[in-house]
Amino acid sequence: MYHRCPILIVLALMALRALSAETLTSPQNSTSTPQAEEMTVVIGGLPISGTRVLPATEKSFRMKLSDTGQTVELFWKDLESNERRRVKKYFGLDEHDGRTVWGEKVRGARVHLASGKELVALPMPERNAYGHRAFKTCGAPLLLISEKDVQTEEPLDAYECDFYTPQEVYQRWLTQKPPAANDAAAYLALAKRCAEIELYHEALDNLKCAEIIDPRTRETQSEFRMMVLNEDARRSAMRVFQELEHAKLTENWLEASDILAKLDRNFPNSEYKSRWDAMRAKIEAGARQELKRNLIPLSYQIFLNLCDKEVMRSYKLDAKGNLVPAIPGKQITTTHGDIFRGTQTKAEFSGYVGLKCGDMELSISQKDILAMVDIQLETGDTSDVRRPTYDQILDYATNTKKRTGLKAELISALATKMNISDEKALEIFDSRITGARGHYEDGKLNVEANYGSIQEANYGKGSWLRPGAKSKPLFIDGARPQEPSKPDKDWLAETSDDPNVWWEHQSAETQIGILRAIAAEHIFRVKSVVEVPCEHCDSKGTYGVEQDDTHTTYRCPHCRGLGVVFKIRYE
């Protein structure tokens with residue numbers, strides 16, 4: 001590890017060591033990087049001797065002190081301008097117009113355009129074509145500008161970093177002078193040059209090559225390796241942190257939350273951690289708000305879909321009334337019109353799909369497959385197909401702890417859609433009915449919105465099934481008509497007071513409406529229960545029939561004597 005060493009501490013350290021001052025010459029006109037790593041840096045008139053530790057950054061550089069062996073970090077801003085330019089050459093860097101540059105000098109151009117804009121670019125005359133001038137910038141490998149738009153062009157002394165990316169410069173190095181396969185020193189030198197232009201992955205690759213050729217390099221360059229790894233991690237953390245800042249600035253809270261988790265997971269000891277920790281509360285509050293904004297409205301639609309799916313679900317019974325299990329399988333349709341059904345198995349040959357059809361192991365060439373879909377394979381003989389009973393529907397809607405219940409399936413579907421855990425989905429879903437939450441920062445109080453909306457569900461003719469509802473007998477008063485010797489089954493089912501018998505006779509639309517109403521009262525928050533007057537009996541609950549000088553009063557077949565039907569408003 002290295003230590004950040006403020007200028008005063010360095011000066012005190014130098015004074016205690018009582019080193020004699022040296023008269024240093026500054027090779028300002030030298031353009032080559034010194035080969036020796038031994039160097040002396042003058043800060044505040046006092047010299048510091050040691051060896052350079054690559055890589056240097058735009059703000060600082062590191063040295064390993066000669067007398068103590070301690071690695072310290074010094075800052076470019078603490079050096080005199082001439083001294084700063086001299087020391088930067090030890091690190092393969094240069095300074096031009098007050099900025100750090102690297103690479104060889106090249107002849108660029110300052111181009112004045114007809115639009116009034118000014119462009120600094122590298123002319124590429126060999127690629128001029130069709131009345132256009134070709135230029136290159138660091139962000140544009142090829143930029144074509146009409147000759148008519150070029151007003152004037154001035155030569156400009158520049159560096160490779162102005163027009164080439166570090167990766168392009170690295171590829172030029174490999175092309176011009178690739179290291180020999182058995183030259184560990186060449187690979188090590190290339191690794192250090194890569195570190196100088198912040199190509200840390202390439203530096204590690206070349207260092208690995210040097211270590212393979214000469215295993216002693218691993219020990220002698222251990223500190224260099226560690227510095228490159230640390231700097232690579234620092235730069236990677238900085239890039240991800242910048243993504244976090246952008247996501248926060250654009251209020252893309254879910255993305256910011258994912259990036260925050262990535263930083264925590266991959267860079268637990270980063271120097272930026274205190275900065276993203278300071279942003280954590282606002283990001284988590286924003287992510288929670290964004291999840292609610294997406295999840296709560298979505299829950300209503302998924303709820304309706306699950307109700308439809310459960311009512312239309314069917315199961316099969318054999319002749320003895322036992323449930324016939326179904327096995328997941330595949331149906332393959334070939335380009336020749338043949339259809340095969342079975343369970344998928346491992347193919348015997350590559351380029352084939354394996355399918356077990358009965359007792360036959362079948363291999364089907366992938367080039368002959370037109371479509372392959374999931375199906376359910378029946379086992380045994382099926383003599384009856386049924387839909388869920390009322391008791392099954394009631395348990396599905398009201399048992400909120402059951403793993404296969406409606407609420408559990410709703411939460412699981414929401415978690416899958418939002419790519420979060422079931423626990424998180426449940427917490428956000430239930431937050432609709434808890435008190436409001438707020439987040440205070442920078443003098444502003446932000447209160448989380450609910451995002452719930454009022455929905456409706458109707459019991460309709462199933463209002464008598466609602467707990468607390470009391471239906472009237474089929475015959476209220478008067479002479480009870482004689483039942484036919486062979487009563488109509490539909491009439492008996494419709495008038496039955498057994499919910500399961502009555503339920504089986506109802507249409508799917510009626511069943512879906514009742515299931516929604518029952519589930520809404522158990523899964524969502526009921527805002528109000530509206531008693532809608534029954535239109536079939538004018539809210540009387542009964543109707544009378546005159547026949548053969550007798551009067552008989554029946555209960556209303558729609559509301560069953562309630563006089564009203566129930567409508568549930570829920571959130």
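Modeller: A charge sits over a ring if NZ of Lys or CZ of Arg is within 6 Å of the ring centre and within 35 degrees of the ring normal. The model discussed here is predicted.

Colleague: What makes Lys192 a charge over the face of Phe224?

Modeller: Lys192 is placed at 5.8 Å from the ring centre of Phe224, and the cut-off for distance is 6 Å. Lys192 therefore counts as lying over the face of that ring. Lys77 is likewise over the face of Phe75, at 5.8 Å from the ring centre.

Colleague: How many aromatic pairs does the structure hold, and why is the pair of Phe349 and Tyr352 called edge-to-face?

Modeller: There are ten aromatic pairs in the structure. The ring centres of Phe349 and Tyr352 are 5.8 Å apart and the planes stand at 65°. Rings pair if their centres lie within 6.5 Å, and planes over 60 degrees apart count as edge-to-face. The pair of Phe349 and Tyr352 is therefore edge-to-face.

Colleague: Why is Phe349 described as partly exposed?

Modeller: Its relative accessible area is 46%, and the class in question runs between the limits of 20% and 50%. Phe349 therefore counts as partly exposed. Tyr352, with 35%, is partly exposed as well.

Colleague: What makes Trp464 and Trp502 an edge-to-face pair, and which parts of the chain does the pair tie together?

Modeller: The two rings are 5.4 Å apart from centre to centre, with 90° between the planes; the angle needed is over 60 degrees. Trp464 belongs to the loop between strands S22 and S23, while Trp502 belongs to helix H15, so the pair ties together parts that are 38 residues apart in sequence. Trp464 has 10% relative accessibility and counts as buried, and Trp502 is buried at 1%.

Colleague: How do you know whether Ile393 is buried or exposed?

Modeller: Ile393, in helix H11, has 1% relative accessibility. Buried means under 20%, so Ile393 counts as buried. Beyond its neighbours within four places in sequence, Ile393 is in contact with Glu310, Val311, Pro388, Trp503 and Leu515. The C-alpha atoms of Ile393 and Val311 are 7.7 Å apart, although 82 residues separate the two along the chain.

Colleague: Why is strand S3 said to be largely enclosed by the rest of the structure?

Modeller: Seven of the eight residues in S3 are buried, so the strand is largely enclosed. Six bridges join S3 to S2 in the antiparallel sense, with Val42 and Pro47 as bridge partners. S3 also pairs with S4, antiparallel over four bridges, where Arg52 has Met63 as its bridge partner.

Terms used:
Residues numbered from 1 in each chain as written. Predicted model: local features only at pLDDT ≥ 70, side-chain atom pairs only at ≥ 80, totals over all residues. Heavy atoms only, no water. Buried < 20%, exposed > 50% of the residue type's maximum accessible area, 1.4 Å probe, protein only. Helix = DSSP H or I, 4+ residues; strand = E, 2+ residues; numbered from the N terminus. Pairing = 2+ DSSP bridges. Contact = heavy atoms within 4.5 Å. Phe/Tyr/Trp six-rings, centres within 6.5 Å; stacked < 30°, edge-to-face > 60°.
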